[in-house]
Amino acid sequence: MPDFDTLPLWLTILHGLVLLLTVSTLVATLLPLLRETAWWIRIFDFPRLQIVAIALVTIGAALMLGWHQLPGYWGWAALGSLVAAVLYQWFRIMPYTRLVGKQVGDSTLKDGKRHLSLAMMNVLQFNKQSDKALAVLQDIDPDIIMTVETDQWWYEQLKPLEQTHPYTCHEPLDNTYGLLFFSRLPLENCEIKYLLDDDVPSLHTRVQLPDGRTWVRLYGLHPKPPAPAESKTSTKRDAELLLVGKAIDNKEEPTIVFGDMNDVAWSHTSELFRRISGLLDPRVGRGLLPTFHADYSLLRWPLDHVFVSADFKVDDMERLPYVGSDHFPIFIKLSYEPHDKAEQEENCEEADADDHAEAVEKIKEGFEEEDEEEAHEAANPDQPKKELTT
């Protein structure tokens, strides 16, 4: 390390700041490697791109301060660790750039009867700019719309969508986990289910394509994020996603899972879900399309997702304009092309025995945590509901 006793105060402060950034970068890179579910660990799954940026700035500052010329191996060790962190973080992010091949191919189908368009929007329950949200949805005019964080007030504002999308399945709630579902196309067995958390609904249905023959299985999700005000762990979020993944496993019907997953595409849980379910991520090879946080351009990552079975290809995928929420909406137009299914299945990530065992264990832990919370609430009825720390 530099001899701080011989340095001017301002240079000592600079060295100390760069050292602090170095340690912070390495801690933020290493913590997510732990398979712990505590929110303060899982939160570092999110800002991988931001960690890369900070690491590169830190490397530049360290070189300017001459760390590579320090006696001994301390300077080179610090620089080497930062470079390793950048390479690892970039390895996790790179699939969601245009530098790799697309996991879901581009559509070549011109037959509109086998196309399906979908918009997913987290409106932010306390956002009152409903005119913007409604205008965006009416302008893009997708076949299927799901909005989350929607209470009764939001239902009244978005009710005009029922004029063009008469098939509905709504669960407005005032706890920031309500959802509204509108479809232009016929639905079958549309249900709202509470898979795990007794105040977090999810959508389960089948939708008929315009060809009048093909039915597509749909799951709409919005699990709680790992955050102090929401859930002290990621256990139930992970379990809900994996419950759906296990339900899809080995089913041959065309399937789409979409929603505000409160997780990034490159997290271990998202990757495990894709392997368990056999679904593909249209973002791979197309770009990050970060949807959160809409108000802070330097703090954005993809939280709103669409996963599809190998029956589908992508005609269009885009992030929609700002609607006053902390999320941008996301839109995708898919084409049903089962003739290319076998070719696309080569892009599927396969689950092994360890993956299935881990999924079963995570689901079990999710139910156990929910049981603990319900027992706590029953024993303390006068206390406001909150998540347990585990």
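Begin by selecting Asp 197, which counts as buried because its relative accessibility is 3%; buried means under 20% relative accessible area, exposed over 50%, and partly exposed in between (1.4 Å probe, protein chains only). The model is predicted, so local features need pLDDT of at least 70 and side-chain atom pairs count only at pLDDT 80 or more, whereas totals for chains, interfaces and linings use all residues. Residues are numbered from 1 along each chain as its sequence is written, and side-chain values use heavy atoms, with hydrogens and water left out.

**Salt bridges**

Asp 197 sits in the loop between strand 5 (187-193) and strand 6 (202-208), and Lys 236 in helix 7 (residues 235-248), so the pair ties together parts that are 39 residues apart in sequence. Helices (H or I, at least four residues) and strands (E, at least two) are DSSP runs, numbered from the N terminus. Lys 236 is also buried, because its relative accessibility is 5%.

Next, select Arg 237 and Asp 238, whose side chains meet in a salt bridge of 2.9 Å, N to O. Arg 237 is buried, with a relative accessible area of 4%, and Asp 238 is buried at 2% relative accessibility. Salt bridges that share partners also join Asp 197, Asp 199, Lys 224, Lys 236, Glu 370 and Glu 373 into one network.

Move to Asp 45 and Arg 42, where another side-chain salt bridge spans 2.7 Å, N to O. Both of these residues are buried. The structure holds 26 salt bridges.

**Helix 8**

Select residues 268-277. How many of the residues of helix 8 are buried? The count is 10 of the 10, so helix 8 is largely enclosed by the rest of the structure. Among the buried residues are His 268, Glu 271, Phe 273, Arg 274 and Arg 275. The buried residues of helix 8 pack against helix 4 (74-93), helix 7, strand 8 (255-260), strand 9 (304-308) and helix 10. Just after helix 8, Gly 278 adopts a positive phi of about 75°.

**Helix 1**

Select Thr 25, found in helix 1 (residues 9-30). At 3% relative accessibility, Thr 25 is buried. Thr 25 touches Ile 51, Ile 54, Ala 55, Leu 82 and Ala 85, not counting residues up to four places away in sequence; contact means heavy atoms within 4.5 Å. Thr 25 and Ser 81 lie 9.5 Å apart, C-alpha to C-alpha, although 56 residues separate them in sequence.

Now select Leu 17, also in helix 1. Leu 17 is partly exposed, with a relative accessible area of 45%. Together with Leu 20, Leu 21 and Ile 54, Leu 17 forms a nonpolar surface patch with about 340 Å² of accessible area. Patches are made of residues with over 30% relative accessible area and no salt bridge; like charges are joined within 9 Å, and nonpolar side chains (Val, Leu, Ile, Met, Phe, Trp, Tyr) within 5 Å. Accessible areas come from the Shrake-Rupley method with a 1.4 Å probe. Helix 1 supplies the largest share of the nonpolar patch, 3 residues.

**Helix 10**

Finish at Asp 371 in helix 10 (residues 353-379). Asp 371 is partly exposed, at 45% relative accessibility. A negative surface patch comprises Glu 361, Glu 365, Glu 368, Asp 371, Glu 372 and Glu 374.

Definitions and conventions:
A salt bridge is a side-chain nitrogen of Lys or Arg within 4 Å of a carboxyl oxygen of Asp or Glu. Lys and Arg count as positive and Asp and Glu as negative; His and the chain ends are not counted. The place of a charge is taken as NZ of Lys, CZ of Arg, CG of Asp or CD of Glu.
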